[in-house]
Structure formats: C-alpha cells, structure tokens
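Keep the viewer open as you read.

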Amino acid sequence: MTEKPPAKLRDRRAYPVFYMFAVTFVSTGVLIGLNRMTEDRVEANRQVLFEEAVLFALGWDAEEKMSPAGVHQAFLENVQEPAEESAGAYRLVRGGKLEAYALPFEGRGFWNQIKGVMGIRPDGSVLTGMAFYEQSETPGLGAEIVKTYFTDQFQELKLDAGSPALALKSSGAKSGENEVDAITGATQTCTRLEDILNNALDAWRKKMGLSKSGDDDAAAGKARGEG
Amino acid sequence: MNGAGGGPKTVKALAIEGIWGNNPIFRQVLGICSTLAVTNMVLNTLVMCAGLVVTLSMSSLSISLLRKWTPRNIRMMVETLIIAFYVIMVDIALKAYWPEMSQNLGPYVGLIITNCIVMGRAEACALTQPPFTALVDGFFNGLGYSILLLIIAIPRELLGLGSLLGYAMPYFSGPYWDKWTIMVMPPGAFFMLALAVWAFRTLQPDKQEKGAK
C-alpha cells in the first residue's frame, strides 16, 4: 500500500468508482460480520433489560444486583406472558395467586421514545413499582428518571380513580396521595412522562373494565352504581 | 495547520502539538458540538473520549495507509466511510458488551462520525504523512481533546450534581451546597467551554500572535 497504484490503473476513468466500491465492499462486509457475531448478545441484553424492568416494577426484592442469568430465571419462574384477560400486561403469579400486573408502556419523551414497565395491583388502584428500560433523555437531567430515588416513589403509590390517575409535581408542591416529585431541570421529560403514564393507565384500565375515569360511559356507570 | 508538510515528526513533537500547541479544542476549536453535549457527567465523557481516541487513531492510520491509492477527487467520501466504519465498530462493541453505557450515550457515539476533529486530522495530517506519524498524531489529538473535555466535565458534574463519576462527593452533595443545576444543563457547557478556552489561550499567548499574521 505504500507504493502508488500502477499508472495504467490510476488513469482509468472508472478507477475512482472501482476504488470506492472496493473500500465500501470491504468495510461493509466486516461490519455485517461483526453485527452478526454480536446480534444474539445484543438481543439477549435487550431482553434481560426488559425482564429486569418487569421484575423491578413488580416490586421484586433482590438483595443484590442479579446476574443476567438470574434475572432471566426469576422472570421465567414467576412472570406469565400477557394474555387476553390481562390486556397486554404481564402477570406476577405466586402460589397460584395473581399478585400484580406488569404493564409495559412507551411514548415520546423529550429526545426520544421512553419505554418502561409499571406494576399494578390486581384491582388497578395501587402501583407496585415503576421501571424504565429504554430512554435517551438528557444525561444528568431527564435521564434521572431511571434512578431509584425517582422510581421508588411509585412503589405503593395510590392512584386516583379518575383521570389523570397520577401526577408529577415539582419538588415540594406535592399535595395529593397520587403525586410524586418530578425532577428539577427536567420539566419537558416529566410533563411528557406524566402523559405517557396516564394514557397507558387509562387505556389499560378501560380495557380491563377497571375504568372509573371522567368519560361519559364510566360516569354514567358510576352514577347508576351510586343510585 | 502545523501537521501538514515537512518531514515526519518525532513522537514527542506530535504529542506536544496534539495536547498543547495545536490542541483540537482550544487551538483548532473543532469538535465543539460533542464537547458541549457529553460533558455533564464524567463517566459518559470518559467513554466518549475513549471512543474518539480509538476512532481517531485508527481512521488516521487507515487513511494514511490508503493515501497513495485514494483518488484526490473522492478522498472525502473515502475518509467519511473509514471514519464511519470505526465508529460503528465502537457502537456495536458498546451495545454488545456495555449496554448501560450504550444507553447513556444514546446517539452521541454515532455522532463521532461528524466530529470535525477526525475529518480535520485526516485532511491535515493522515493524507500526507506516513502511517505511523498519522497514528501517533491521531492518538495525541484525541488525548488533547479528552483532557479538555475532562477539564470541562469535572466541574460541571461536581457543581451541578454534587458527584463525580456518579459517587456523591463530600460537601457538594451535602445540605450546604445548593446544586447549580444549570451546570449540567446546556448553558453550563457554554460557560465552562468559554472559561477553558480563555484560560488556555491566555497561558499560550505566543501562538495567538503567530496566528494573527
């Protein structure tokens, strides 16, 4: 490579085209190979990340950080795949008893999609936890939503029967039982997250027939129930 | 740019030039976008810098190896392709072996492709210099970039979040320190960058006069 290519080759008009083609061919080939080699690993990482989020949202108490294999094992043993009657939510079943639902949700955050899982008690009125497994919010600000000091607030959070079910309030402005502290400096992320969570909750509760939101059907039902 | 022309330089001369004399950030003022974007947490900055050093060294080496075969009129396409090749490799490696960091850095790793320093060194040095010189030049320019980024990142994380590398620091994470959230937000990056460039240019006045000629 330290010598110039022969003049005969270099002077051909098509030389740049062939040259570009060759370089592209080689580098793309190597990248495809690399991608194939790591594909399974990347996919497994993603799967474990999701399973960990489900377990965490369900209030799984692991003494220390579980290994990827441990997460997968615990997930397989305790969590059942979504079914028709759970409206897309995973179910935590222990000793034959349904203990909680884990509802995956996603929506647009400030920069990109935020994907997460929330754990809900069978009656749909209390959360067991919250976890995010995919987000690209601003590091140090919006990305703080993944930190436990934020997500822990959702444990045992009582939801409002109506809509919105929960709210993110700026620090110190919390007034209701269904409110959690938002993150200072991440207003955009928090406002959007609040919508994502409420929309997911409303839709799920409606499908599950647990809805007591302010829309007409539910309000009528509520009125009948009281009358 | 000093890297171009003349005979091959010694490693020492290249090191001094990359880190100090011709530092990519405060001398060449290249790669500012990533300087502003990834410097609010030290760990992210470190990984980003490692990614850049690898990409810059390897792409300079490859471009230099191919320099006599690359037709002049399509050299920029070839450079971009080679840079993208190494960046994607770094990205794949992170995704497979360090998924959490890959999540933290989000799109920034991919954006190394458009980091002006890489293209700048390719044009200024790798295209004309032998492979070893290009490799060393790329490495030290990457290092020069990294050092500046850390100088900017450390105060930002410390003042803004009260931590370093994610560990809470005494005093700064305590009740007596009112965290300067603005430091981890985009404006903080501009303040720190301006201060750093000002400070280093003041320490290095002779260069400025030469540049003005």
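Helix α2 (residues 15-57) of chain A packs against helix α3 (residues 68-78) of chain A at an angle of about 55 degrees, and their axes are 9 Å apart. Because of that angle, α2(A) is oblique to α3(A); angles under 35 degrees count as roughly parallel, over 145 as roughly antiparallel, 65 to 115 as roughly perpendicular and the rest as oblique. On the α2(A) side, the contact is made by A:Val48, A:Glu51, A:Glu52, A:Val54 and A:Leu55, and α3(A) brings A:Pro68, A:Val71, A:His72, A:Ala74 and A:Phe75. Contact here means heavy atoms within 4.5 Å. By class, these residues are 7 nonpolar, 1 polar and 2 charged.

This is a predicted model, in which local features need pLDDT of at least 70 and side-chain atom pairs count only at pLDDT 80 or more, while totals for chains, interfaces and linings use all residues. Residues are numbered from 1 along each chain as its sequence is written, chains are lettered from A and ligands numbered from 1 in the order in which they are written, and side-chain values use heavy atoms, with hydrogens and water left out.

Now for chain B. Helix α3 (residues 42-65) of chain B and helix α6 (residues 116-126) of chain B have axes 10 Å apart and pack at an angle of about 30 degrees, so α3(B) and α6(B) are roughly parallel to each other. From α3(B) come B:Leu52, B:Leu56, B:Ser59, B:Ser60, B:Ile63 and B:Ser64, which meet B:Ile117, B:Val118, B:Arg121, B:Ala122 and B:Ala126 of α6(B). This contact has 7 nonpolar, 3 polar and 1 charged residues.

Further along chain B, the axes of helix α7 (residues 131-161) and helix α8 (residues 186-203) come within 10 Å and cross at roughly 130 degrees, which means that α7(B) is oblique to α8(B). The contact involves B:Leu148, B:Ile151, B:Ile152, B:Pro155 and B:Arg156 of α7(B), together with B:Pro186, B:Gly188, B:Ala189, B:Met192, B:Leu193, B:Ala196 and B:Phe200 of α8(B). It divides into 10 nonpolar, 1 polar and 1 charged residues.

How do the chains meet? In the model, 32 residues of chain A are in contact with 28 residues of chain B. Between them, chain A and chain B bury about 2900 Å² (accessible area, 1.4 Å probe, lost on being put together and summed over both), with 73% of it on carbon and sulfur atoms. The salt-bridge count between chain A and chain B is 0, where a salt bridge is a side-chain nitrogen of Lys or Arg within 4 Å of a carboxyl oxygen of Asp or Glu.

Methods. Axes fitted to C-alpha atoms, helices over the stretch in contact; angles between N-to-C directions. Helix = DSSP H or I, 4+ residues; strand = E, 2+ residues; numbered from the N terminus. Nonpolar A, V, L, I, M, F, W, Y, C, P; charged D, E, K, R; others polar. Buried area = accessible area lost by both parts, 1.4 Å probe.
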